[in-house]
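Please work through the following exercises with the structure at hand.

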Amino acid sequence: MSDHWTKLEQNRSRTFRRPILDLFDDGGRFDTFSAETDGLMLDFSKTSIDRSAHSILLDLAKSSGVAEKRDAMFRGDRINSTENRSVLHTALRASDSQPLVVDGRDINQDVAATLNLMERFCDGVRSGSIASATGERFTDVVNIGIGGSDLGPAMASHALTPYRDGPRCHFVSNVDGAHISDTLKALDPGTTLVIIASKTFTTTETMTNAGTALNWLRDALGEGAAQNLAAVSTAMDRTSEMGIAPDRVFGFADWVGGRYSLWGPIGLPIMLSIGRDDFRDFLSGGAAMDRHFRSASFEDNLPVLLGLVGIWHRNICQYPTRAVIPYDQRLARLPAYLQQLDMESNGKCVSVAGRPLDRPSGPIVWGEPGTNGQHAFFQLLHQGTEVIPVEFLVAAECHEENLKNHHDLLKANCLAQSEALMIGRTLEQATDIAAGLGYSGRELRIQSAHRTFPGNRPSTTLVYRKLSPFSLGQIIALYEHRVFVEGAIWGINSFDQWGVELGKELANALLPMVQGQSVSGKDPSTRGLVRRLSA
Ligand code: F6P
């Protein structure tokens with residue numbers, strides 16, 4: 001395996017000055033450096049990966065045991081070793097008649113039963129047969145959750161707005177009282193369903209917001225408040241302690257990681273919003289990507305290829321971040337969602353065996369929708385001193401039939417950005433432009449320098465026909481498996497998240513101090529800040 005790394009590094013040191021554009025000279029690059037499944041196409045031809053690097057990267061994936069690790073995940077092996085858990089979010093979207101036995105239970109049956117419960121509840125809420133304590137139909141849903149219990153359903157509900165024919169969904173995550181206060185202020189408790197979503201049902205932010213929402217419901221509805229509540233959790237004992245009726249609790253098992261959980265009960269707001277059939281299409285999109293990941297050769301396998309592009313950029317080109325830019329306003333929350341998926345999974349510095357990693361792992365993931373980003377940070381992408389690989393996403397078709405002119409502009413802008421990043425503008429070209437504007441002498445030199453674009457900046461483009469439940473399911477599952485491929489190559493456990501724990505412990509200890517108790521055992525900076533904030 002180390003041999004592959006060495007070969008990749010040698011390739012890079014030989015070729016790093018070569019323009020990406022020159023790679024197209026051998027013809028056929030666009031076809032070879034793109035792959036497609038079920039209408040979803042990944043183009044990675046605008047990267048510096050050449051034929052030789054491409055083949056070494058594929059060998060690296062093979063020799064890193066990506067296929068064996070993938071099969072172990074789908075089989076239900078306990079690959080989340082530090083928590084001794086299987087990793088089976090894929091079972092939530094499988095609709096598989098073959099039993100999948102985990103801890104002596106056929107989990108496929110459990111998944112089907114839970115999906116049925118969700119559908120019955122969802123149909124009832126949407127039709128009005130499950131009504132508020134006041135007897136009215138629910139017009140609004142407030143989902144209270146954070147991290148995986150918020151980002152997935154919030155991102156997907158927004159993405160699927162054209163399919164919404166159910167109640168409006170609102171999402172409260174932050175413990176900052178401003179979030180719940182501003183959300184509830186605009187709503188009528190008599191027509192609002194509150195869903196408390198927490199895998200553990202212990203998360204401070206969610207429990208605090210749940211308490212506030214419960215008081216809001218009780219003030220308006222008295223004893224009937226429970227009628228306007230539902231919960232989603234793996235901890236049924238804790239939900240009953242909060243007084244939530246068992247038939248209003250949708251459970252899931254610990255083999256679903258928080259950031260992988262929107263396919264099951266955590267996706268309840270999505271189902272309430274778009275209905276059971278469209279939700280099933282969403283699951284089908286995820287399942288289609290699973291089949292592709294399991295069966296396509298690595299040469300044609302989108303998650304493997306996207307993962308290898310990530311490895312090339314992070315480890316061989318040593319780019320510390322990657323930008324995700326959806327040219328799709330409805331995917332505005334995708335970058336935030338991917339930040340958790342990617343950075344909570346692969347932001348690790350030790351291997352599965354607990355040894356320090358010998359090369360950098362997960363990059364910083366960030367982004368905003370295009371075209372907005374163009375008028376903000378794209379300056380740095382084009383002319384900054386750091387190279388940042390960009391992952392563009394764009395649909396061939398829009399939902400707004402009467403606004404096709406907007407969509408044409410969106411597509412043209414997306415393509416223009418990846419082209420500009422790659423081709424840049426030489427000093428000679430810039431000088432011609434500046435001379436044409438009438439500059440000469442010293443001014444000409446200065447103006448030309450400012451108008452030069454280094455180019456040779458890599459990007460990938462993911463193209464889907466239209467943002468639908470099915471294509472959204474494909475896209476999310478693609479990114480899940482991409483994270484898996486990268487984690488497998490780095491030798492990481494991508495399914496635990498110990499790095500979030502220390503801050504939680506320290507916050508618990510600090511709470512009494514910010515509430516006025518004397519500050520002890522803290523460093524001088526923290527002490528000083530506690531005093532300043534308590535003043
Ligand atoms: O603190 C991180 C985390 O544990 C995430 O992994 C998780 O998605 C989030 O908190 C919320 O956790 P829960 O669903 O248990 O409230």
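The exercises below concern a predicted model.

**Exercise 1.** Determine how helix 11 is oriented relative to helix 18.

*Solution.* Two packed helices are described by the angle between their axes and the distance between the axes. Step one is to locate the pair: helix 11 covers residues 276-295, and helix 18 covers residues 469-490. Step two is to take the two values: the axes come within 7 Å and cross at roughly 40°. Helix 11 passes helix 18 in a right-handed crossing.

**Exercise 2.** State which kinds of residues form the contact of helix 11 with helix 18.

**Exercise 3.** Identify the residues closest to the ligand.

*Solution.* The ligand is surrounded by 14 residues, and the closest are Ser149, Ser198, Lys199, Thr200 and Thr203. Now consider individual distances. A ligand oxygen atom lies 2.6 Å from an N or O atom in the side chain of serine 198. For the side chain of threonine 203, the corresponding distance from a ligand oxygen atom to an N or O atom is 2.5 Å. At glycine 148, a polar backbone atom is 2.7 Å from an oxygen atom of the ligand.

**Exercise 4.** Find which residues a cis peptide bond joins.

*Solution.* The cis bond links glycine 370 and threonine 371, with omega about 10°. Threonine 371 is placed in the loop between strand 11 (364-366) and helix 14 (378-383).

How values were computed
Residues numbered from 1 in each chain as written. Predicted model: local features only at pLDDT ≥ 70, side-chain atom pairs only at ≥ 80, totals over all residues. Heavy atoms only, no water. Axes fitted to C-alpha atoms, helices over the stretch in contact; angles between N-to-C directions. Helix = DSSP H or I, 4+ residues; strand = E, 2+ residues; numbered from the N terminus. Parallel < 35°, antiparallel > 145°, perpendicular 65-115°, else oblique. Left-handed = near helix turned anticlockwise from the far one by under 90°. Nonpolar A, V, L, I, M, F, W, Y, C, P; charged D, E, K, R; others polar. Near = heavy atom within 4 Å. Polar contact = N/O pair within 3.5 Å; in protein donor to acceptor, adjacent residues only side chain to side chain.
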